[in-house]
Amino acid sequence: MLIYMLATAMTVAMLIATVFGLHQEAQRVRAKANTKRFEGFGSRKPYRRF
């Protein structure tokens, strides 16, 4: 019975860690997307790759 309780606790802890990690990744991607601004079609330098 104890092993089942430990397995359940570990499963819940891993689910919480996964949700927290996904939230952190979404925040990072959202922050990265907000830093890129649309400069228009003609404002890029001809030799710039990014």
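Helices here are DSSP runs of H or I with at least four residues, strands are runs of E with at least two, and both are numbered from the N terminus. This is a predicted model, in which local features need pLDDT of at least 70, side-chain atom pairs count only at pLDDT 80 or more, and totals for chains, interfaces and linings use all residues. Residues are numbered from 1 along each chain as its sequence is written, and side-chain values use heavy atoms, leaving out hydrogens and water.

**Whole chain.** Start with everything selected: you have 1 helix and 0 strands. The chain exposes about 5,400 Å², an area from the Shrake-Rupley method with a 1.4 Å probe, where for residues only the protein chains shown count as cover. Carbon and sulfur atoms supply 68% of that area.

**Glu 25 and Arg 28.** Next, select this pair and show side chains. What joins them? A salt bridge does, at 2.6 Å, N to O; the term means a side-chain nitrogen of Lys or Arg within 4 Å of a carboxyl oxygen of Asp or Glu. The structure holds 1 salt bridge. Because Glu 25 and Arg 28 are 3 residues apart in helix α1, about one helical turn separates them. Glu 25 is partly exposed at 39% relative accessible area, and Arg 28 is also partly exposed, at 47%.

**Ile 3.** Finally, move to Ile 3, in helix α1 (residues 2-35). Ile 3 counts as exposed because its relative accessibility is 57%.

Notes:
Buried means under 20% relative accessible area, exposed over 50%, partly exposed in between (1.4 Å probe, protein chains only).
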